[in-house]
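Please describe the strand packing and the aromatic pairs of this protein in a short report.

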Amino acid sequence: MINRFDQDGVELRFAGNNTLYCNFSGTDASGLEGLGNSGSGVLVRSDNNVIGGETPDRRNLLAGNLGDGITLYASPKAGHLAAGAAPAEPGTSGNLVQGNFIGANVSGAAPLGNPANGIGILAASDNTLGGTTPGAENVISGNAQHGILLSWFWANGNVIQGNRIGSDVGGYAPVGNGGSGIYFEDASSNTVGGLAAGEGNRIAFNGSDGITVLNGYENSFLGNRIELNDGLGIDLDGDGPTLNDIGDADEGANYDQNYPLVFSAVPDDLTTLISGRLDTQAEQTFTLEFFDNIACDANGYGEGGLSHGANTVS
């Protein structure tokens, strides 16, 4: 039990290759009441650490802290330091965070949130949250701000797969985060989900969008089940629906990618024939995913609930 410290509960700094498991950071011994540390439950400032694991006995409970449940923080890289600034610390890369309850209580079914974010990734690159095997998923729910925040220009190359973000451990009951499920701010080239088995995240019941992107590019969102959030499923620029433009020539978050227009969907015994149109930049390849949902969205831009597969078009 690691609680009531004036700073972070645990800090992994400089020397990497540590393993942290079976800890309660920010709660009492029952895992039902908060006794928060003043900073993050875990602050990571080094490489190649493992936080949690795929079995319940490896799980960390990181809840009730005054900062994030986990913060992965990297100091500015050497080429970006201002003149006369102190040397950069080592980067924060290659860390694996899996199997943890972050913002939910010990049952994984009720909130015991951190007042900030579940996980904050600040200038840290090439880290993995979750995984594709049973037990690798993190439950990132019940936090006051975002489930996951990726911020600053070097928060690139991170992989987020198989997690429950805003739901209980089973994926169906609401334990929403107050903000977005995942929030990108100046973060690019990250992967959320995937088309292989177990790669998609369940992102539901959050107080804003499922995913919000500000000022980031080439972030990939594939195979995720995004539904029942208070905002959009994916909101580029954070200002509500981004309308299509001719030729998709505008700039913005994820280049303000145009969305496809579906004209019809005609099912038969084995397949569904879908006709539509995507107005976008020429001579490129795009992956189109198809979803249904339990109800239409009042704003006309519904979320992507249950996936029915993907096709690649050029």
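## Sheet and aromatic pairs

Strand β13 (residues 148–151) is covered on both faces: I148 and L150 on one side, and L149 and S151 on the other, are all buried. Buried means under 20% relative accessible area, exposed over 50%, and partly exposed in between (1.4 Å probe, protein chains only). Strands (E, at least two residues) are DSSP runs, numbered from the N terminus. In a regular strand the side chains alternate between the two faces of the sheet.

This is a predicted model, in which local features need pLDDT of at least 70 and side-chain atom pairs count only at pLDDT 80 or more, while totals for chains, interfaces and linings use all residues. Residues are numbered from 1 along each chain as its sequence is written, and side-chain values use heavy atoms, with hydrogens and water left out.

β13 has a parallel partner in strand β10 (residues 119–122), joined by four bridges; here G120 stands opposite L149. Four bridges also link β13 to strand β16 (residues 182–185), again in the parallel sense, with S151 opposite E185. Two strands pair if DSSP finds at least two bridges between them.

The open sheet has eight strands in the order β1-β4-β7-β10-β13-β16-β19-β22, with parallel pairing. Its edge strands, β1 (10–13) and β22 (234–236), each pair on one side only. β22 is joined to strand β19 (residues 211–214) by three bridges, in the parallel sense, and L236 is the bridge partner of V213.

G240 lies in the loop between β22 and β23 (261–267). With a relative accessible area of 17%, G240 is buried. Leaving aside neighbours within four places in sequence, G240 is in contact (heavy atoms within 4.5 Å) with L232 and D235.

Four aromatic pairs are found in a search of the whole structure. Rings of Phe, Tyr and Trp (its six-membered ring) pair if their centres lie within 6.5 Å; planes under 30 degrees apart count as stacked, over 60 as edge-to-face and the rest as tilted.

| Pair | Centre distance | Plane angle | Class |
|---|---|---|---|
| F184 and F221 | 5.6 Å | 55 degrees | tilted |
| Y217 and Y255 | 4.8 Å | 40 degrees | tilted |

F184 lies in β16 and F221 in strand β20 (residues 220–222), so this pair ties together parts that are 37 residues apart in sequence. Both F184 and F221 are buried. Y217, in contrast, is partly exposed at 32% relative accessible area, and Y255 is partly exposed at 33%.
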